[in-house]
Amino acid sequence: MAYIPLIGRLSPREYFALFFGFIFLGIEMLVRLVIIILLPRPVTSWFYQETRAIYTRRYPQRAKRSDDRRQVNRIRTAADFGDLCSIWGYEFEEHVMLTKDGYLLGLHRLCTPKGALRTSIGIQTNKPVVYLHHGLLMNSEVWVCLTSPERALPFVLVDLGFDVWLGNNRGNKYSKKSIKYDPNSKEFWNYSIDDFAWHDIPDSINYILDITKARNLSYIGFSQGSAQAFAALSIHPQLNQKVNVFIALAPAMSPTGLAAPVVDGLMKASPTLMYLVFGRKAILSSTPLWNNIIYPPLFTNVIDKCLDFLFSWKSANISPDQKSAAYSHLYSFTSTKSVVHWFQIMRCGRFIMYDDDDLEVSVPYQRNGSPASSGPTAYCPARFPTKNISSPIVLLYGDSDSLVDINLMLKELPANSIAIALEGYEHLDVLWGRSVDKDVFPKVIDTLIHHCESPDMISSHVHYSIHGQEETTTTISSSD
């Protein structure tokens, strides 16, 4: 199609996809309104039972086995972070901090090993501090919704002697408050990765260090949680003095795109079309409803199909039980604008700040940063200056992760950054894989002890050198 302003930005296939996307969302919205407003509880219960019957007929053996897995069901139906901790016998603290721009963010803290007596709340422990941050469309529950405690990184770290904190982005389940804006207003949801970097990450770190009285902490980010740290450390030079090491799990910086050609092409043609489809508030806000009324194994299958369609993830390293337990905790609220920001990054091929002029200037770029086709101007917004990061960086990524272009990422990071490939791992495997306790945790623990402020506080552990393959055993005295 010849270039015509606005119209010429999309191919016929992309217009076709957009048209049917509107139809699908319209039907979904209508069904959701009927379920919420018009149908009584018995009817929604009937819908749940019918979806269960459909799944049972198709997978009789799976359905029979899943009925006996009470622990999985407890994790799946846990209402919040506290319920998930209590399943495995861990005490936690809940904190609320105020960002400089007026958002109230929930923080969770695990500072007492399992079975130990907690004598006080909200004080310093003199233990090395670790801060974990979740990914896109997630909250802190994704770290602890595991079917075995030895595969839940926060539980492992607190038992070793770390003071563990878990953050939450503005807008999600634990941070849906502001002293300036109503959560139902467009103003509340007018934020992108820029705001996470300017406020959420540095303000959370400052709050944690103020409570713990520690000089610095270790940061562990999953997916977008790593991107937020890349951005925050690059624009706040002083923040690097407060982060003794940055461990990026399944790191995200400038993904190549989506596996679904139609969706990927539509997104790269004009990312702001997302606003036409999803509005300017929270994205996919109806997901919790469908999670509640669809039989869990069938809901799990739907999520698997979506992940395969969008990212080509087969999720073979995550057990069916783990999927059933965790997928109900997978989604949390975020802004459409933050997702549009990711589409701009994919389209430009660079880790850029949010482009407010995307509607006015829309030129697709190749991965090397040059224009993909002739257009009105060679234009790309400012990048996050990630080469300015001085905190040590360790990247743990799956070699089968379609969202990680490790070579491109290393070009944009300081030369001393360490990258470790996890063989056969995809994106979510780094969180919930069958063998994360053997493949991922030893490398994380080794890195933390090497860089943390008080390594003498940490218990004995298995040591895997991140510089080689040899496995050794290191014993460090415990003061617990």
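User: Which residues of α6 are buried?

Analyst: This is a predicted model, where local features need pLDDT of at least 70, side-chain atom pairs count only at pLDDT 80 or more, and totals for chains, interfaces and linings use all residues. Residues are numbered from 1 along each chain as its sequence is written, and side-chain values use heavy atoms, with hydrogens and water left out. Buried means under 20% relative accessible area, exposed over 50% and partly exposed in between (1.4 Å probe, protein chains only). Helices (H or I, at least four residues) and strands (E, at least two) are DSSP runs, numbered from the N terminus; the buried residues of α6 are L153, P154, F155, V156, L157, V158 and L160.

User: Why is helix α6 described as largely enclosed by the rest of the structure?

Analyst: Helix α6 covers residues 153–160. It is largely enclosed because the buried residues number seven of the eight.

User: Which residues touch the most other members of the largest nonpolar core?

Analyst: A nonpolar core is a set of buried Ala, Val, Leu, Ile, Met, Phe, Trp, Tyr and Cys residues joined through side-chain atoms within 4.5 Å. The largest one has 75 residues, and those touching the most other members are W143, L157, F162, I220, L249, W432 and V440. The largest share of this core is six residues, and it comes from α6.

User: How do α7 and α14 lie to each other: roughly parallel or roughly perpendicular?

Analyst: Axes are lines fitted to C-alpha atoms, for helices over the stretch in contact, and angles run from 0 to 180 degrees between N-to-C directions. Angles under 35 degrees count as roughly parallel, over 145 as roughly antiparallel, 65 to 115 as roughly perpendicular and the rest as oblique. Helix α7 (residues 193–212) packs on helix α14 (residues 336–348) at about 110°, with axes 8 Å apart. The two helices are therefore roughly perpendicular.

User: How many residues apart in sequence are the parts that E93 and R109 tie together?

Analyst: A salt bridge is a side-chain nitrogen of Lys or Arg within 4 Å of a carboxyl oxygen of Asp or Glu. E93 and R109 form one, with their closest N and O atoms 3.2 Å apart. Both residues are buried. E93 lies in strand β1 and R109 in strand β2, so the pair ties together parts that are 16 residues apart.

User: Is K100 buried or exposed?

Analyst: K100 meets D203 in a salt bridge (3.1 Å, N to O). D203 is buried, with a relative accessible area of 7%. K100 has a relative accessible area of 66%, so K100 is exposed.
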